[in-house]
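Here is a short briefing on one protein model. Look at the structure first, then work through the points by topic.

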Amino acid sequence: MNIKEFLRLIIKYKWLIIVIPAITLFVTFLFVKNLPKQYKSQAKLSTGLLDPSRQVAPDIPSYSGPDILIKLNQQFTNIMDIMTMPRNMSILSYRLILHDLKEPAKSFQKQSDDLIALTAEQRKAAIKGFEERIAKKQVLTPFDNYDDVKYYNLVKSMGYDAATISKKIAISHEDNSDFITVEFTSENTFMSVFVVNTLSKDFINNYSFDLISNKNQSILVLDSILQKKEAVMNDKNQQLKEYKIKNEVLNLDKQSQIVYQQIIDYENKKSQALIDLQSLQSALNNVNNKLNNPALEKYLGAETAVDNQAVIALRSKVQAANDDYIDGGFKPAAKKKVDSLQQLLTSQLVRANDQYVADPIVAKQTLVQNRISIGIELEKTRGGIQDIDRELAKLNAKFSGMVPFDAGVQKFERDADVATKEYLDLLNRYNQTNLDKNIGLRLHLEQEGVPTVAEPSKKLVFMVLSAIASFAICFCVLFIIHVLDHSINNKKQLAAATKGKVIGELNYIKPEHRDIDEIWKNAEHSQEMLTYKNLLREVRFEISKSLSVGNQKVLGLTRLHPEKFTIFSAVSLAYSFARLDKQILLIGNSEIADEIKKWNIPTNQSLKAVLDTLTLQKNNLITFLNKDLEGVSLLENKDNAGITQIFNSLKNEFDLIIIYLDAVNGVSDVKEWILFTEKYLATFMAGNAIGDKDKEAIKALNGDHKFMGWLINGVKRK
């Protein structure tokens, strides 16, 4: 989006942007100048949801974290929704109409024709009917129009129906507040007070009554279910009791636990006894090995027998020698023999004592005693293992006998536990419902509505909003026009759209002023004409500059769309070059001929005659040839070489040849004509848009080396 162009569009329509908001402001003033005053009344209801002093046993503690806020918001929303339900709004409508029926002099609003038309009997019937509807809490509908009293029409005529009243009622709850605010705005301050107080009080009464009714209904249902659950629970517990008595089961869990513990203890004793048995057997084998090992006989007294026999023999000899000594009369020789033998005995004893530090006999006796004691312990251990096995067999049999009873007890206990749990859960809900009924949520009218002064007038606000809205609408309309407008209006836009060279532009000239001779001579008297003249000179300069390369003289003038302004621009170019005292040959159609007749230039010569006779009557400065070939194309009249030769002859006679060509995106023989031009340019009418078909033609033009560039016509300059 081009911001500058958009700003230019706004500046162009600036008076429209100023006038429309001004008119809107004035019209709004006419509408709001007689607006009646508005009175607002406000009542506040305390719910007790956020007031701990009014909560005895709230259910909020069962929630935590964000759940508390969600629960509270739901309760506040439910209360506000219930207040605006049809039943409560209908009761409010009945209260309002009853007030006006009973006290016509103090009517909140001007009484309607339907109300005034009521007879005394009809008025009494209406009052009675509305009171009955309040007692029944009956909702008012459009079908409540009976022959005797048209209830709906009466309420509707006074503007007391739910749809009308709801537009003026605002029920809200501020965050972190325990209060619900009820507001009503009307043209009568007493009506505002009556509405907020009546709606609040009736709602509190109805809500409390409905709440207690619902709780009572819930209590009746819960009590019925509770009795059934209690009977089921008692039956299940009785079945469990009978099963235990029948099977003599006191406490199966405890008994099985004791038996199982005894089995574990005996298993541990058996394991320890087996370990002891292995240890004793190993010790007995070790003792037997020591007693039966020949290598250990010398330590157990096997060699002492030889030494003892030597000692005994020496003692016998000593005794015998001693007897001989005594019997021989104590002969010295006998004495010497006794002493010798005594010395040998002493030596033998000393040697035996030195060889055995400990008594081998004692060691062997010890081993024998150990073998006996180990054997005794081994037999005792084997006997103990047999006793343990017998006890384990008894305990396992006893434990196995408990399994069927345990399955039965578990089934009955499970059924009893489920029944008990269901009963206790239901009992808890029953008690909670009873508690809620007595000390549950209680709405309270904390602040009644009171008469107030009129609200600040909103006339100025309405007027400002209307002005802003109209200004915004104008701005948006202009913005949409700018966004949707794809037209090309100046040289810069054309260059961007075609991606080609634009050699110049010509401003818009009104049809009644399209006389180039008059423009050229009297341009100083009109800024529009002077601008056109100067722009035409710039275009003439660019064309002359382009044709000067290679001394080219044949200029084609085509266009993207068929348009009348191109004829005027072609004639203007021919006229501008003629002002340089150059001989100009203008080849065009009948429309060009009609344009140059104003200058008394002959238009009876045709290109067809020149192609046939090769003769041409030259005029002063501008010579015209009609390019109409009577339905035959250029190359069908003469071959390429012949036509080229004719144009070369014409180039010798004229300084510039201008050929007015057909539109490039039309069906014509324009491509044949372009073959014989040395340069050509295309015109574009400002205000037109470029379509998809035009883009293909533009692409072809930009790719042609003969194409000089674009000339935009009809530019509306500031």
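Glu 422 has 36% relative accessibility, so it counts as partly exposed. Here, buried means under 20% relative accessible area, exposed means over 50%, and partly exposed lies in between (1.4 Å probe, protein chains only). The model is predicted: local features need pLDDT of at least 70, side-chain atom pairs count only at pLDDT 80 or more, and totals for chains, interfaces and linings use all residues. Residues are numbered from 1 along each chain as its sequence is written, and side-chain values use heavy atoms, with hydrogens and water left out.

**Salt bridges**

- Side chains of opposite charge can pair when their charged atoms come close.
- A salt bridge is a side-chain nitrogen of Lys or Arg within 4 Å of a carboxyl oxygen of Asp or Glu.
- The structure has 15 salt bridges.
- In one of them, Glu 422 meets Lys 229, with 3.1 Å from N to O.
- Lys 229 sits in helix 9 (residues 189–246) and Glu 422 in helix 13 (residues 360–439), so this pair ties together parts 193 residues apart in sequence.
- Helices (H or I, at least four residues) and strands (E, at least two) are DSSP runs, numbered from the N terminus.
- Lys 229 is partly exposed, because its relative accessibility is 28%.
- Lys 521 pairs with Asp 517, and their closest N and O atoms are 3.2 Å apart.
- Both Lys 521 and Asp 517 belong to helix 16 (residues 516–522), 4 residues apart, about one turn of the helix.
- Lys 521 counts as exposed, at 53% relative accessibility.
- Lys 651 and Glu 678 form a salt bridge of 2.4 Å, N to O.
- This pair links distant parts of the chain, 27 residues apart: Lys 651 is in helix 22 (residues 640–653), and Glu 678 is in the loop between helix 23 (670–675) and strand 10 (679–685).
- Is Lys 651 buried or exposed? Its relative accessibility is 16%, so Lys 651 counts as buried.

- Seen in order, the strands of an open sheet of 7 strands run 5-11-10-6-9-7-8, with parallel pairing.
- Strand 5 (502–507) and strand 8 (622–626) are at the edges with a single partner strand each, so one side of each has no neighbour in the sheet.
- On average, neighbouring strands of this sheet are turned by 20 degrees against each other, direction ignored.
- Two strands pair if DSSP finds at least two bridges between them.
- Strand 5 pairs with strand 11 in the parallel sense over 4 bridges.
- Val 502 stands opposite Trp 710 in strand 11.
- Strand 5 is mostly covered, with 6 of its 6 residues buried.
- Strand 6 (residues 554–559) and strand 9 (residues 656–663) pair in the parallel sense over 5 bridges.
- Gly 556 has Ile 659 in strand 9 as its bridge partner.

**Transmembrane record**

- UniProt, in an unreviewed entry, places the feature "transmembrane region" at residues 12–32 and 460–484.
- UniProt positions use the numbering given here, feature names are shortened, and annotations may be inferred rather than shown by experiment.
- Residues 12–32 are 95% helix and 0% strand, and their end C-alpha atoms lie 33 Å apart.

**Confidence**

- pLDDT is the predictor's confidence in each residue, from 0 to 100.
- The protein averages a pLDDT of 81, and 87% of the residues score at least 70.
- Over residues 57–64 the pLDDT is below 50.
- Where pLDDT is low, the predicted coordinates should not be read in detail.

Terms used
Contact = heavy atoms within 4.5 Å. Axes fitted to C-alpha atoms, helices over the stretch in contact; angles between N-to-C directions.
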